[in-house]
Amino acid sequence: MMVFKAAFKHELLSSLRSKSPQLVVTVFLVLTSISSIIGWLTVRNVTKIYNDIVSQNLTKAPNPFTNVPSLYYMRDSVIYVVLIGSLMSIILGAQASLRDRKSNANELIKTRNVNLVHRILGQLSAIASIIVLLEIVALLTSFILIWVIQKTPLNIGAVFSLLGYGAVSAILMIALAAIGFTFGTISKSEESSLLYPIVGWALVTFTIPQIITSIHPVALLNPTPAVSTGTGLAQSVINVISPLAVMENFKAIANAILGVDKSIQLSLVDLLSFSLFAGVGVMASVVISSKSFGRKLDA
Amino acid sequence: MTKEIAIAAKNITKNYGEKSALNGLNLSVNRGEIYGLLGHNGAGKTTTVSIFTTLIQPTSGEATINGHDIAKEASQVRNSIGYLPENVQLYEYLSVFENLEYLGKLSGLKNPRNRILEVLDLLEFKSHLHEKVSTFSKGMKQRVGVAQAILHSPEVLFLDEPTSGLDPEGVIQLREIISLLNKELGMTIFMNTHLLSEVTKLCTQIGILKNGKLIYENSLSSTIDSFDETDSLEDIYFKIDGASKP
Amino acid sequence: MRKLLIVTKKEVQDAIRSRQALALIAFLSLSILISVWVASASFSIKMDEYNLYLAALTPDMHSQALSRPQLFPLTLIRSGIEYIEILGALFAFIIGFTSVSRERSRGTSLLLLSRPIKKSEILLAKSLGLLVIWTSVLATIYLTSIAAIIGIGHGRLQVIDYVRLGIVFLFADIYLLFWSFFAVAVTARLKQFSSAILVGITAWLMVVLVIPQIGDTMDPDNQVPGGLFGSLGIVKATETSILAHFHSFDVIRNGLEVTSITKLFERVAFAFLGIKDKYNQLPISSVAKALESSLIAVILLTVLIGISTVLISQNEETLRRRS
């Protein structure tokens with residue numbers, strides 16, 4: 001327990017002292033806020049266009065934005081978690097383990113009687129705390145912005161949805177930080193410790209969903225999960241590789257929780273594959289990182 | 001007869017923000033000397049060498065190497081100097097030959113092969129020509145470091161803490177090499193060190209740097225002569241430095 | 001000049017030795033192959049559906065049947081281009097970053113800087129090396145694309161198609177160089193590598209993903225499934241006249257999009273490949289004229305970032321060993 005506490009405190013201190021997390025927090029918060037504001041401006045613009053059309057008697061259809069759910073403005077933040085949150089978490093994790101390797105502090109730890117699993121758990125918990133803190137600030141910002149935009153605070157149900165969404169986002173980011181941490185421990189160089197997990201992220205975010213759905217990579221940046229337009233791939237193959245499309249699973253879960261798109265329901269398969277990814281990601285990170293602890297970086 | 005000056009610094013200051021690393025440094029080294037610059041950690045030794053080797057510019061003041069101004073004639077300065085940084089790092093994935101070929105060409109040698117063999121022969125390292133640097137001990141790397149520094153036959157050689165981290169055998173070997181370069185090839189050598197034993201065994205002239213200022217400069221023999229017979233160089237150093245000997 | 005080429009040569013040799021170039025060729029080729037395979041499979045499905053539709057028509061209705069879907073072979077590599085846009089840029093940054101960070105963290109930059117070669121020449125040589133690396137990678141991808149379109153997509157290419165594809169890959173080269181040059185500048189100048197990585201990744205996120213995405217979000221037609229005007233039953237002519245009232249919003253949206261070199265490159269690529277319908281089958285000169293400002297902007301931005309790379313070499317901290 002002492003090792004865990006010491007590692008936790010040390011990691012928290014080191015991470016907060018380096019500029020990286022500060023930049024992560026700033027970028028993430030600014031973009032999440034911008035996404036709400038842009039969404040609001042667009043809805044306002046669309047409503048103006050709609051009113052213009054109605055005034056010319058060109059349509060009798062209702063305004064598509066009447067009765068939009070209160071969390072509608074959170075829609076784009078889903079994609080920012082997939083893009084910014086994910087990459088920043090990978091970097092945060094990789095930098096944490098690289099820090100010790102670059103300064104050769106690992107040598108000092110190796111010569112002590114330290115339980116490596118406890119130490120790594122302490123480090124990962126500190127990173128997780130930073131991510132949770134970041135997520136709390138992001139949610140609070142969104143809550144205030146939506147309050148300002150709608151001139152009324154979110155109701156209790158929406159607050160719970162927001163919290164649920166925040167929790168799922170944090171889980172995704174923590175798992176990715178753990179994966180980044182592992183690559184920071186095992187890679188031969190600083191470059192490869194970033195290159196490999198980022199390539200993996202790219203495969204999971206773009207290539208696998210594209211193979212499954214035939215949706216173009218740019219269209220996959222849509223905050224709602226992709227719907228297959230047919231790839232000619234056998235359903236059995238799709239069933240096997242679908243759980244690997246972690247970001248699509250996350251998008252589906254996040255959208256279901258936020259209730260932005262009524263057609264998206266919480267699916268057990270998505271939930272299971274997502275939990276499996278997060279659980280295995282963190283566990284594998286602890287096991288691999290403790291076994292490979294102390295590897296030297298290439299000069 | 002006046003001796004030719006190889007290295008000269010006139011009133012050099014170097015500031016890093018608010019912090020002053022060099023504070024009016026005046027120094028001169030005659031051709032053919034082995035000059036040892038002594039000082040505590042943080043006294044400004046590496047900053048001094050970095051200025052002479054054109055790696056950084058002084059905030060004010062002038063410095064010349066073989067008469068060439070380090071700011072205005074940086075290219076000529078670089079042509080006439082060799083530099084061995086502290087804990088020299090080489091391209092680990094390349095062989096000795098590949099490292100030296102690349103750095104030699106950048107020093108202007110059109111076909112450096114023969115010169116590489118000649119230098120390695122001098123340093124008794126020819127047998128390792130095609131071995132990768134990553135497999136070498138620190139002492140072996142230091143030899144390749146010296147080889148890269150003298151490949152283009154520079155007139156002045158700068159060594160930053162050359163024996164740092166070497167084992168006693170490595171220290172002796174490097175000392176022999178430095179002596180050889182000075183005596184056989186007539187190179188002027190400027191070395192930073194905090195090891196008094198190096199200075200005693202190698203240098204002809206010493207300077208002591210404190211808080212970015214040269215507080216003492218003289219030949220080694222005059223230095224030893226001008227103090228008590230019983231004083232060791234260590235005692236002398238502490239007397240000049242003004243610090244009490246621990 | 002000679003010394004410049006020596007550093008350039010080593011840069012290229014290092015890329016080959018580290019297998020980075022190979023990994024890039026492998027990944028981008030794979031993405032092209034997958035994109036052509038997925039797109040041609042999609043097209044076959046569309047053709048099958050069309051044939052079923054035709055079979056369901058009575059003979060007298062055949063004259064009024066919808067037109068047969070047409071395959072424009074160059075459009076098959078759309079996803080491949082998007083991979084270059086998104087991931088190519090990221091890899092380009094990492095390659096540029098590596099080229100400088102290795103030298104600085106090893107401390108070999110000290111050995112280079114104490115030789116008669118200027119910092120600006122070292123950075124220029126590294127940039128030239130990156131030019132050689134990217135041109136070779138993209139030349140290989142160009143050939144892979146042609147092989148994929150013909151082999152997997154069964155597309156028939158005309159001579160003009162090779163030229164169109166060549167122009168797109170030339171601009172892909174310029175686009176990726178922008179990212180590598182940017183990385184060289186940032187990594188040579190900033191003291192901490194982690195800051196360089198974060199600045200790079202943030203810039204990449206903003207330029208490649210966020211700005212285009214905000215642009216998409218600001219498009220009113222993207223806000224409603226099936227398009228806003230479509231869902232309200234508004235015809236194209238009326239849509240244009242209505243949108244004319246909201247010109248300023250569209251100006252802001254477009255203004256935002258053109259600040260992203262990624263969006264500019266996409267416009268160029270999609271126009272020359274005929275992915276954007278209004279440019280499909282237009283002569284190259286007409287496409288070039290219509291896209292003139294985007295073409296110039298992509299080149300200009302890359303040149304500017306290249307120049308700034310050389311300019312930062314004036315700074316003392318540039319290329320020095322990491323403290």
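**View 1. C:Ser127 in helix H5 of chain C.** C:Ser127 sits in helix H5, residues 119-151 of chain C. Helices (H or I, at least four residues) and strands (E, at least two) are DSSP runs, numbered from the N terminus. This is a predicted model: local features need pLDDT of at least 70, side-chain atom pairs count only at pLDDT 80 or more, and totals for chains, interfaces and linings use all residues. Residues are numbered from 1 along each chain as its sequence is written, chains are lettered from A and ligands numbered from 1 in the order in which they are written, and side-chain values use heavy atoms, with hydrogens and water left out. C:Ser127 counts as buried because its relative accessibility is 9%; buried means under 20% relative accessible area, exposed over 50%, partly exposed in between (1.4 Å probe, protein chains only). Leaving aside residues up to four places away in sequence, C:Ser127 touches C:Phe181 and C:Thr309. Contact means heavy atoms within 4.5 Å.

**View 2. Strand S7 of chain B.** All five of the five residues of S7(B), residues 156-160, are buried, so the strand is largely enclosed by the rest of the structure. Both faces are covered. B:Val156, B:Phe158 and B:Asp160 lie on one side, B:Leu157 and B:Leu159 on the other.

**View 3. The neighbours of S7(B).** Strand S6 (residues 81-84) of chain B runs parallel to S7(B), joined by four bridges. Strands pair if DSSP finds at least two bridges between them. B:Leu84 has B:Leu159 as its bridge partner in S7(B). S7(B) also pairs in the parallel sense with strand S8 (residues 188-193) of chain B, over five bridges. There, B:Val156 partners B:Thr188.
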